Amino acid sequence: MNNGSRLLQILRLLNERTDEEHPIKTAELVEILERNGIPTERKTVYRSMETLAENGYDVEISRTPEQGYFLASRDFETVEVRLLIDAVLAASFITQKKTDVLVKKLEGLVSVYQAREIHDRVFIDNRVKSSNEHIYYSIDRISAAIEQNKKITLIYKKGGSEKKHTVSPYAMAWNKDKFYLIGNISEYDNLIHLRLDKMSGVEVTDEPSRPFSEVSEYRSYFDSADYVSGHINMFGGDPEYIELLCTEKGYELLADQFEPGVNIKREDGVYVRVKAAAGQGMIGFLAQCGKEIKVLSPKRLADGVAEHARQILSMYGEQC
């Protein structure tokens, strides 16, 4: 066993088994290393710690609660690892199998004691997870296609049927716990977004992607954040200017979805003008807001919200 291998083993033990509250004694290090077939003396441990410190590792000696060595800082703080784990647990497009793998890898970024503390404090709401194990290959291939400016082919499941599409991919976006591909289907002249958990068989072709300037208002770069903000709940439709009259509460609900372009306070409420797709996504959102937001224009959106309300009312009939 050469010094380099011994040093790697000591670093692994520091990373896995130590933090500020759990230092490891020199004698304990010697015992573990020798038990694993690595002859070690106390003075060898001292030299190894000095070498690690000289190479940028934040190795410190603790006096309390007991004396020993510990790794004082890591690439990720405990709170950062917990945030990442929470995000993985919340993402419905990540399968349960992959969730378990990713959580275990993330816990490896901190000591076993810190990982246990994180695990005990994480809240899991038992939300339904995707069963599509192909999503990781899809993400990898779509990323490659975007980088290479190439079209992709994919099989998309909608309802009970599946259909093959050729798509020019422009971006991927995470919205409302769903992961979407934003692009253009070859036979149409607009943008579409498809859920990654509903696609399979993604392959990169040799055909160049269609320029997004031909099918969208974007010119120098594709603004995926702008696209997502203008498509409530990721329903389709071309963005247009919408005029709304909101209560203070309604304005807060609207601002949670996207940044309103105009905000003018009036006696009867807050006048707001936004640019968004006035389709089913917007109708559903406005219906949830109830009397807090009123559509001023376009008229067909106001009519759509009213019709939505009538359909709900008709379901209950005499009960209302």
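Let's start with Glu41. At 46% relative accessibility, Glu41 counts as partly exposed. Keep in mind that this is a predicted model. The partner of Glu41 is Lys43, and their side chains meet in a salt bridge at 3.8 Å, N to O. Lys43 is partly exposed too, at 49%.

How many salt bridges does a search of the whole structure find? The search returns 15. Side chains of opposite charge can pair when their charged atoms come close.

Next pair: Glu240 and Arg300. The closest N and O atoms of this salt bridge are 2.3 Å apart. Glu240 sits in strand S8, residues 239-246, and Arg300 in helix H11, so the bridge ties together parts that are 60 residues apart in sequence. Glu240 is partly exposed, with 22% relative accessible area. Arg300 counts as exposed, at 53%.

Asp268 bridges to Arg266, with closest N and O atoms 3.1 Å apart. Arg266 is partly exposed, at 39%. Then there is a network: salt bridges link Asp189, Arg210 and Glu214.

Back to helix H11, which spans residues 299-316 and also holds Met315. Is Met315 buried or exposed? Exposed, because its relative accessibility is 64% and the cut-off is over 50%.

Last stop, Thr99. This residue belongs to helix H5, residues 96-107. Thr99 is buried, with a relative accessible area of 1%. Leaving aside neighbours within four places in sequence, Thr99 contacts Val88, Leu89, Ile94 and Lys129. From Thr99 to Ile85, C-alpha to C-alpha, the distance is 8.9 Å, across 14 residues in sequence.

Technical notes
Residues numbered from 1 in each chain as written. Predicted model: local features only at pLDDT ≥ 70, side-chain atom pairs only at ≥ 80, totals over all residues. Heavy atoms only, no water. Helix = DSSP H or I, 4+ residues; strand = E, 2+ residues; numbered from the N terminus. Buried < 20%, exposed > 50% of the residue type's maximum accessible area, 1.4 Å probe, protein only. Contact = heavy atoms within 4.5 Å. Salt bridge = Lys/Arg side-chain N within 4 Å of Asp/Glu carboxyl O.
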